[in-house]
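Q: Could you walk me through how to read a few features of a model like this one?
A: Gladly; let us take a look together.

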Amino acid sequence: MSQTTNKTERLTTSAVMLALATALAMVCAIIPFLNLPFGGGYTIASMLPIVIVSYMFGMKWGFFTAGVYSLIQIVLDLYLAKGSTIMALFTPSSDDFMGYGAAVAILVIDYFVAYTLLGFGGIFRKVIKNKTLALTLGVVVALSLRYLAHILSGYIFYGAWAEWFFTQENFYSIGGWILDTFSGKWLSLIYSVFYNGLYMVPEIVITAVAAAGVSAIPNIKKRDE
């Protein structure tokens, strides 16, 4: 395959995958029960197309594609999500307003960094010959890193919600023990791990299963970087 043909295939495939990931995210964004009240939600393997790009064309291109996807996520939040999280962060009259500096930091960590980390999806493309295993483990690593980015953001900026969160009826059995055992920064960290885990852990499992399934598609294979 010539270099020009390879570039064309890479651009075309990436555009299709970005469109597919965006479409899945858009559908999930308008389904109320898939979205959590303070940000985050279930996107039903919408990040898998981005991971596939990284597996097929390498991590360098994967990071670029994931970075583009992070910008698309910002646009989706602004124009599709009811009660946009980003708009609330930059609106002084909003309960979520913590200052413009914090708003920018949250935007960077929860969107640009978190989604760009999906570029790690191709981390095993050269070291594991089995395509199913390489793609599935790539999903676990990439999405786990995204989970860590959200944990960091939640720990730094949203720890004040911890006590309220763990006193809710749904967490009565474990919430009391957590509040009696932890306080301060540890409580903020556990809250962030718990809250973000509500949607990221199922997302990791669902996407990993989906990756194992689609790995049987012949066109999903490594290309030259």
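**Reading the fold**

A: Let us begin with burial: of the 225 residues of the protein chain, 45% count as buried, where buried means under 20% relative accessible area, exposed over 50%, and partly exposed in between (1.4 Å probe, protein chains only). This is a predicted model, in which local features need pLDDT of at least 70 and side-chain atom pairs count only at pLDDT 80 or more, while totals for chains, interfaces and linings use all residues. Residues are numbered from 1 along each chain as its sequence is written, and side-chain values use heavy atoms, with hydrogens and water left out.

Q: How many helices and strands does the protein chain have?
A: Helices (H or I, at least four residues) and strands (E, at least two) are DSSP runs, numbered from the N terminus. Here the protein chain has 9 helices and 0 strands. The radius of gyration, taken over C-alpha atoms, is compared with a globule rule of 2.2 Å times the number of residues to the power 0.38. For the protein chain the radius is 19 Å, close to the 17 Å that the rule gives for 225 residues, so the chain is as compact as a globular protein of that length. The C-alpha trace spans about 60 × 35 × 30 Å along its principal axes.

Q: What share of the contacts with a separation of 6 or more comes from residues 24 or more positions apart?
A: Contact means heavy atoms within 4.5 Å. In the protein chain, that share is 75%.

Q: Where does Gln73 lie, and is Gln73 buried or exposed?
A: Gln73 lies in helix α3, residues 59-79, and counts as buried at 10% relative accessibility. Not counting residues up to four places away in sequence, Gln73 touches Ala25, Tyr111 and Tyr115.

Q: Which side chain makes a polar contact with the side chain of Gln73?
A: A polar contact is a pair of N or O atoms within 3.5 Å; within protein, one must be able to donate a hydrogen and the other to accept it, and residues adjacent in sequence count only if both atoms are side-chain atoms. For Gln73 the partner is the side chain of Tyr115, at 3.4 Å.

Q: What is phi of Ile44, and what is phi of Ala45?
A: Phi of Ile44 is near 50° and phi of Ala45 is near 65°, each a positive value in a residue other than glycine. Ile44 sits in the loop between α1 (3-29) and α2 (48-57), and Ala45 is also in the loop between α1 and α2. Ile44 is partly exposed, with a relative accessible area of 46%, whereas Ala45 is buried at 10%.
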